[in-house]
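Please find below a note on the model, arranged as numbered points.

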Amino acid sequence: MGKGLAMHYLRQGARVTVTGSHRARGEQFLEEAARFGAADRAAFIQADLTKLADNRRVIGEIKARHSKLDGLVLTAIRPYPRRTLTPDGFESTFALYYVSRFVLSYGLTDLLEQGEHPVIASIGGTGITKGSIHWDDLTLSHRYSLIRAMLQGGRANDLLGVAYAENHKQGKTRFLLFHPGYTNSGTNHVKQPWKTIMRLMGGLFAQPVERSIRPIIRLMDDPPPQPLSAWDRGRPVDLSLPSLDKADALKLYELTKHLLE
């Protein structure tokens with residue numbers, strides 16, 4: 001989905017910087033951009049966004065390339081069938097789905113505020129209320145499962161948007177939480193046998209990327225006036241849901257700041 005949005009805005013004449021962990025896929029993106037004359041407006045930064053150092057390097061490189069940002073799109077999600085910890089001590093799903101998005105959102109706010117109608121679009125499971133933040137065991141050292149990790153990451157991502165909006169009520173940047181629904185967005189990041197299973201399921205039940213990104217594009221091009229909005233497949237999500245609780249959001253924000261010190 002990230003590539004789909006990147007290519008759309010390149011075709012609209014924007015300058016676009018993407019980041020990802022696979023050099024070959026980044027080079028493929030640059031080659032595709034060059035084919036329709038956008039080579040000078042496309043850039044790729046190779047980074048492992050589960051690592052704090054790489055997130056901070058990405059921020060530095062984006063600031064060197066751009067004097068302002070109109071949009072920040074956060075799409076990185078990866079399932080980890082087995083519990084793994086990052087070099088910084090975070091559970092890997094939590095690191096990629098939440099901590100990276102936290103660091104990039106706050107770290108790039110100054111550039112976003114220079115944009116005309118700046119937007120952060122965070123793609124995840126908004127509207128889903130299952131799962132919770134395991135406050136006493138964020139690394140899921142007890143009873144780890146892929147599903148528990150993904151649900152915790154999704155709930156943390158929701159709370160990131162809520163806290164960001166609370167912390168930037170006077171700012172221009174709008175935070176969009178968006179659940180695109182089941183999308184056939186590729187399996188390059190998945191190992192076997194999950195890769196084959198996901199390819200079969202995607203072919204049977206998932207919608208194509210081109211369809212999933214249409215409502216995201218509409219919202220980014222004409223963002224809502226309020227600091228935070230949440231969407232589930234193009235339909236607005238009630239911001240009073242327990243999964244979007246302001247007290248929990250600010251609690252997680254303070255805890256995250258402490259963990260990043």
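1. Five strands form an open sheet of 5 strands in the order E3-E4-E5-E8-E9, with mixed pairing; two strands pair if DSSP finds at least two bridges between them. Strand E3 (71–74) and strand E9 (235–236) are at the edges with a single partner strand each, so one side of each lacks a neighbour in the sheet. Helices (H or I, at least four residues) and strands (E, at least two) are DSSP runs, numbered from the N terminus.

2. The model is predicted: local features need pLDDT of at least 70, side-chain atom pairs count only at pLDDT 80 or more, and totals for chains, interfaces and linings use all residues. Residues are numbered from 1 along each chain as its sequence is written, and side-chain values use heavy atoms, with hydrogens and water left out.

3. Strand E4 (residues 119–123) runs parallel to E5, joined by 5 bridges. Ala121 is opposite Leu176 of E5, and Ile120 has Phe175 as its bridge partner.

4. In strand E5 (residues 174–179), 6 of 6 residues are buried (under 20% relative accessible area, with exposed over 50% and partly exposed in between; 1.4 Å probe, protein chains only). Arg174, Leu176 and Phe178 lie on one side, and Phe175, Leu177 and His179 on the other. In a regular strand, side chains alternate between the two faces of the sheet.

5. Helix H6 (residues 146–167) lies across E4, E5 and strand E8 (228–232), at about 160° to E5. Axes are lines fitted to C-alpha atoms, for helices over the stretch in contact, and angles run from 0 to 180 degrees between N-to-C directions.

Methods:
Contact means heavy atoms within 4.5 Å.
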